[in-house]
Amino acid sequence: MIFRAVEDADLIRQAARGRVEAYNLLVSRWEKRVYNYLLRITANREDALDLTQDVFLKAYQNLRKLDDPGRFAPWLYRIAHNEAYSMFRKRRPEADVDEIEPGATEAGITVGGSSVFPIELSLAVASALGRLSPDQREAVVLKIYQGFKFEEMAEILACPVSTIKSRLYTAFELLKTELAPIKARGVS
Amino acid sequence: MSCSPFDLRDYFLRELTDPQQRQVEAHVKTCQPCREEIDRLEATEAALVSLRDEEIPQRIAFVSDQVFEPSPWRRWLAGFWGSAARLGFASAAMLSAAIVVYALRPAPIQELPKAPQQIVQTVSGGDIQARIDAAVARAVAEVDAHEAEKNKQLVADLENARKRLLLAAAELDLSEMRGRRDRVLAANYGGPHEDGDRK
């Protein structure tokens, strides 16, 4: 008997045939990452949780449209991005998408497991992220926290790689100015 | 301005190809400013990742509702129409099949359309006149023949009438002669002879 790990592609194929158990297993693998992505661009736990549920429901309904299971992650995050920005538009329909700021960014995101890391650094990071524009913050989240490549980020955000790099590097210049000195002082 | 052969940020974010990564790595080892820039980027990243992921407050799971669960056929159809690749493949397959069927079908017998026979006759004015004359002559002959027939019939009828008149006159003469004979006989012999009347 040969054992092998069940890959996402296996689960996606089974879920596309209507096997809900396979989809639930797939959800359990991705829900934390999607939730934290949404949490960092919405800065609100309730919104992030509601959106995460919507994202996985929509993903299940459209799973058969996913031709390449290997592209599941960018495809899923594309849905998440669209859901989040759809929510932003509903709340402030008159505002330009680029001007939309998540409601709780000024207060910063409350960090879970704060006993592990110094609160000063956590607050500084949350504050620095909150001062970025939504586009810059999302680029940092997708790159640093979610580990996507530029091409995948371009697919998720539906914009050229050059735009992604521009947003990310501008954000990094701002973050470097604020965070590098704190880290260099050896807070952690 | 960096003196690195490639963008230090691309190197730091591991977006360069392997040879490019090695090239920048070798450069950074010997270049103090670039080394310091990489240190700052690493410090920034370390600060960012200190913000750990949170646990999701509520696990997400779905249950299958048999009432609203689409049938396998409907799922397949939805997947088919929802997939541009599958639709494209089906279209290409149908097109290929049509081409193959067209190529393999028996060649039809070439029936060339018959060109209408073009009869060109050159008719002179004299011929036309001759034809008209012939047609007129035929028509006159037919009328003459018809008239002759009628005349012939009329003559025959007259002849018959004449014969009937002659016959009637002869009968009248005969009757008058018999009257005279009867009167003579009656005057001479006292009455007509029955046998003589019958002869």
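Student: In which hand, left or right, does H1(A) pass H2(A)?
Tutor: This is a predicted model, where local features need pLDDT of at least 70, side-chain atom pairs count only at pLDDT 80 or more, and totals for chains, interfaces and linings use all residues. Residues are numbered from 1 along each chain as its sequence is written, while chains are lettered from A and ligands numbered from 1 in the order in which they are written. A crossing is left-handed if the near helix is turned anticlockwise from the far one by less than a right angle, and right-handed if clockwise. By that rule H1(A) crosses H2(A) in a way that is left-handed.

Student: Is H1(A) parallel or oblique to H2(A)?
Tutor: Helices (H or I, at least four residues) and strands (E, at least two) are DSSP runs, numbered from the N terminus. Angles run from 0 to 180 degrees between N-to-C directions, with axes fitted to C-alpha atoms, for helices over the stretch in contact; under 35 degrees is roughly parallel, over 145 roughly antiparallel, 65 to 115 roughly perpendicular and the rest oblique. Helix H1 (residues 8–16) of chain A packs on H2(A) at about 140°, the axes being 8 Å apart. The angle therefore makes H1(A), relative to H2(A), oblique.

Student: How many residues of the contact of H1(A) with H2(A) are nonpolar?
Tutor: Residues are in contact if their C-beta atoms, placed from the backbone, lie within 7 Å. Here H1(A) brings A:Asp8, A:Leu11, A:Ile12, A:Gln14 and A:Ala15, and H2(A) brings A:Ala22, A:Tyr23, A:Leu25, A:Leu26 and A:Arg29. Ala, Val, Leu, Ile, Met, Phe, Trp, Tyr, Cys and Pro count as nonpolar, Asp, Glu, Lys and Arg as charged, and the others, Gly among them, as polar. The contact has two charged residues, one polar, and a nonpolar count of seven.

Student: How do the axes of H2(A) and H4(A) cross, left-handed or right-handed?
Tutor: The two axes come within 11 Å and cross at roughly 35°. The hand of this crossing is right-handed.

Student: Why does A:Glu83 count as buried?
Tutor: A:Glu83 is part of helix H4 (residues 72–91) of chain A. Away from its neighbours within four places in sequence, A:Glu83 is in contact with A:Leu51, A:Asp54 and A:Val55. A residue is buried if 20 or more other C-beta atoms lie within 10 Å of its own, exposed if 12 or fewer, and partly exposed in between, with C-beta atoms placed from the backbone. A:Glu83 counts as buried because its C-beta neighbours inside 10 Å number 20.

Student: Let's turn to chain B. How many buried residues does H6(B) have?
Tutor: Chain B has seven helices and zero strands. Of its 199 residues, 5% count as buried. Helix H6 (residues 125–189) of chain B is hardly covered, and among its 65 residues the buried count is zero.

Student: How many charged residues does chain A have on the side that touches chain B?
Tutor: The contact takes 42 residues from chain A and 33 residues from chain B. On chain A, H2, H3, H5, H6 and H8 each supply at least two residues of that side. Its residues divide into 23 nonpolar, nine polar and, for charged, ten.

Technical notes. Two residues are in contact if their C-beta atoms, placed from the backbone, lie within 7 Å.
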